Amino acid sequence: MILAIDAGNSRIKWRIINDGQQIAQGAQSTAKLLEGEALSLSETQSIIEIRLASVAGDEVVDSLKKQLSSQLSVPIRFAKVSATMGELRCAYEDPETLGIDRWLAIAAAYHKYSQPLMVVDSGSAITVDIIGPGGQHIGGYILPGLTLMHDALWRNTSDVRVVGSGTEELWVPGKNTQQAVNKGCLLAAASAIESLASQFPVRIVLTGGDAKIISQAINLDADNHSNLVLDGLVLDGIELQDC
């Protein structure tokens with residue numbers, strides 16, 4: 001069995017896979033991990049390998065390595081971006097400067113569909129990557145995520161404090177500050193995605209923590225997958241490096 005871990009800035013997500021089938025999964029906040037809270041892993045006895053993708057920084061990686069090494073005597077391998085993976089070809093001149101989360105998401109999406117795609121990962125940031133014919137990654141875009149937009153307004157505007165998603169009747173103007181900010185942030189994200197979709201008329205694939213909210217806001221057909229990063233981590237052909 002493989003333990004796949006996606007360590008993000010806000011959340012740590014994990015999944016245990018056996019012969020392509022999910023055995024268990026879980027998630028917790030990255031902050032809790034740094035406070036010393038261990039991952040609530042199950043079915044650990046048959047795990048033979050740990051695969052880790054992280055955009056969360058060295059402190060988070062060190063905490064994970066320390067915990068996992070004390071629990072399991074198995075190899076821990078980091079996923080790396082490569083210039084190619086089968087048909088898929090990275091657009092970046094220096095592939096290692098592409099975020100591993102973006103690479104795994106587009107690798108998983110292309111593995112599922114094998115056609116031109118727009119892959120939208122909605123987390124702390126919203127990333128949009130375009131895959132052209134024959135698996136050529138054309139490049140991408142990075143926008144602030146919904147929470148980041150909310151927090152920026154909160155930090156820089158003393159009278160603004162917002163919660164919630166604002167998906168209800170997006171085009172109806174907000175009747176209070178909370179509604180106005182929620183709708184405005186979501187409208188900005190949805191409009192950006194719709195604008196890109198008009199330039200790149202390909203199949204749209206959504207993933208990430210805010211994918212459901214985004215899917216309700218855009219006036220586009222899209223496929224929604226809960227965590228393409230974890231899907232990509234267990235693919236054959238992903239470049240892995242022992243830690």
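Start by selecting Arg77 and Glu49: they form a salt bridge, with the closest N and O atoms 3.1 Å apart. (A salt bridge here is a side-chain nitrogen of Lys or Arg within 4 Å of a carboxyl oxygen of Asp or Glu.) The pair links distant parts of the chain, with Arg77 in strand S5 (residues 76-80) and Glu49 in strand S4 (residues 49-54), 28 residues apart. Helices (H or I, at least four residues) and strands (E, at least two) are DSSP runs, numbered from the N terminus.

A quick word on what you're looking at: this is a predicted model, where local features need pLDDT of at least 70 and side-chain atom pairs count only at pLDDT 80 or more, while totals for chains, interfaces and linings use all residues. Residues are numbered from 1 along each chain as its sequence is written, and side-chain values use heavy atoms, with hydrogens and water left out.

Is Glu49 buried or exposed? Glu49 is buried, with a relative accessible area of 10%, while Arg77 is partly exposed at 24%. (Buried means under 20% relative accessible area, exposed over 50%, partly exposed in between, with a 1.4 Å probe and protein chains only.)

Next stop, Asp231. Pick Arg15 along with it and you'll find a salt bridge between their side chains, 2.5 Å from N to O. Asp231 sits in helix H7 (residues 228-233) and Arg15 in strand S2 (residues 11-18), so this contact ties together parts that are 216 residues apart in sequence. Both Asp231 and Arg15 are buried; for Asp231 the relative accessible area is 18%.

Stay on Asp231 and select Lys112. What do their side chains form? Another salt bridge, at 3.6 Å from N to O. Lys112 belongs to helix H3 (residues 100-113) and Asp231 to helix H7, so the pair ties together parts 119 residues apart in sequence. Lys112 is partly exposed, at 40% relative accessibility.

To place these pairs in context, the structure holds 10 salt bridges.

Last, the cysteines. How many disulfides does a search of the whole structure find? The search finds 0, where a disulfide would be a pair of cysteine sulfur atoms within 2.5 Å. Select Cys90, which is buried at 11% relative accessible area, then Cys185, also buried, at 5%.
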